[in-house]
Amino acid sequence: MDGWERKALRAAEFVAYPALAGAAFCVLALGVVTWLPALAAAATALQSWRTDGSGRCFTATLRAFPAQWRRLRGEALVGTAVLLLCVSNTVFLVGRSGPALALLPVQAVLLAAAAVYAVALAVTTTLQPDAKRKELHRAAAVFAFGSPRRTLGLVAAVAVLPLSVLPVPLGPVLLGPTLPLMAALSLAAPVTPAGLRVAPGAYGRGPSARASSAAPHGPARPAPSPL
């Protein structure tokens, strides 16, 4: 296979596999309160594709969901209540005048912070599968808000990337949840050109973890069938 054909197939993977994970996320999120574990399951499937070349992102998301539901069901219930409260407040404030209108930017900031933390929690749950609940939330908070530059990057990923796929049919539905996950995974566990990957969770640990965070990987396996 020629070099340009290989590059074209690789570029197609960056659309097809996140879309497959997004399709599985949409199926799992039909339970309403299941959206956060479904997001973490999609992050697990995408990270497996990034590191091991596993292209079964749809079925991998479905397989990862039960474990993520057990870990995040409490957070899912609280997050759903917070999301519904913010949305109802925003709907109430839209069209109002006077002091109520000044609360709209506050609601926008709260929604952005909640979205960034949800993505950070999904990614942290993927990269630290054995972390306890307090450690998980602490690492997610450090990842989401510990660095102003990283926080701005996550806000841009959550707010801009879903809008960038509006011209694509079903783009916001299939790629809207997964493109921010891809960006967050790239920030949390980047894959370098030399084939070395930052150890999962190094952003939330001390200097010793960061010093030993690069681990060699073997040769990439050929990508299997997407399903």
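Helices (H or I, at least four residues) and strands (E, at least two) are DSSP runs, numbered from the N terminus. By this rule the protein chain has nine helices and two strands. Along the sequence, they follow the pattern α-α-α-α-α-α-α-α-β-α-β. The model is predicted: local features need pLDDT of at least 70, side-chain atom pairs count only at pLDDT 80 or more, and totals for chains, interfaces and linings use all residues. Residues are numbered from 1 along each chain as its sequence is written, and side-chain values use heavy atoms, with hydrogens and water left out.

Buried means under 20%, exposed means over 50%, and partly exposed lies in between (1.4 Å probe, protein chains only). Of the 227 residues in the protein chain, 37% are buried. The protein chain exposes about 12,200 Å². Carbon and sulfur atoms supply 70% of this area. Accessible areas come from the Shrake-Rupley method with a 1.4 Å probe; for residues, only the protein chains shown count as cover.

Contacts were also counted. A contact means heavy atoms within 4.5 Å. Among contacts between residues at least 6 apart in sequence, 67% join residues at least 24 apart.

Side chains of opposite charge can pair when their charged atoms come close. A salt bridge is a side-chain nitrogen of Lys or Arg within 4 Å of a carboxyl oxygen of Asp or Glu. The structure holds one salt bridge. Its partners are Glu-75 and Arg-133, with the closest N and O atoms 3.3 Å apart. The pair links distant parts of the chain. Glu-75 lies in helix α3 (residues 57–93) and Arg-133 in helix α5 (residues 133–145), 58 residues apart. Glu-75 has a relative accessible area of 12%, so Glu-75 is buried. Arg-133 counts as partly exposed because its relative accessibility is 47%.

Aromatic rings were examined next. Rings of Phe, Tyr and Trp (its six-membered ring) pair if their centres lie within 6.5 Å; planes under 30 degrees apart count as stacked, over 60 as edge-to-face and the rest as tilted. The count comes to four aromatic pairs. One of them joins Tyr-17 and Trp-49 edge-to-face, at 5.4 Å centre to centre and 75° between the planes. This pair also links distant parts of the chain: Tyr-17 is in helix α1 (residues 3–28), Trp-49 is in helix α2 (residues 35–52), and they are 32 residues apart. Both Tyr-17 and Trp-49 are buried. Another pair, Phe-65 and Trp-69, is stacked, at 6.4 Å centre to centre and 25° between the planes. Phe-65 and Trp-69 both lie in helix α3, four residues apart, or about one turn of the helix. Phe-65 is at 15% relative accessibility and therefore counts as buried. Trp-69 has a relative accessible area of 27%, so Trp-69 is partly exposed. Ring pairs also link Phe-14, Tyr-17 and Trp-49 into a cluster.

Thr-126 is found in helix α4 (residues 104–127). Thr-126 counts as buried because its relative accessibility is 14%. The side chain of Thr-126 reaches the backbone oxygen of Ala-40 at 3.3 Å. Polar contacts like this are pairs of N or O atoms within 3.5 Å; within protein, one must be able to donate a hydrogen and the other to accept it, and residues adjacent in sequence count only if both atoms are side-chain atoms. Leaving out residues up to four places away in sequence, Thr-126 touches Ala-40, Ala-43, Thr-44, Gln-47 and Gln-68.

Pro-162 lies in helix α6 (residues 148–164). Its relative accessible area is 18%, so Pro-162 is buried. Leaving out residues up to four places away in sequence, Pro-162 touches Ala-157, Pro-172, Gly-176 and Pro-180. The C-alpha atoms of Pro-162 and Val-173 are separated by 8.6 Å, and these residues are eleven apart along the chain.

Leu-170 counts as exposed because its relative accessibility is 58%.
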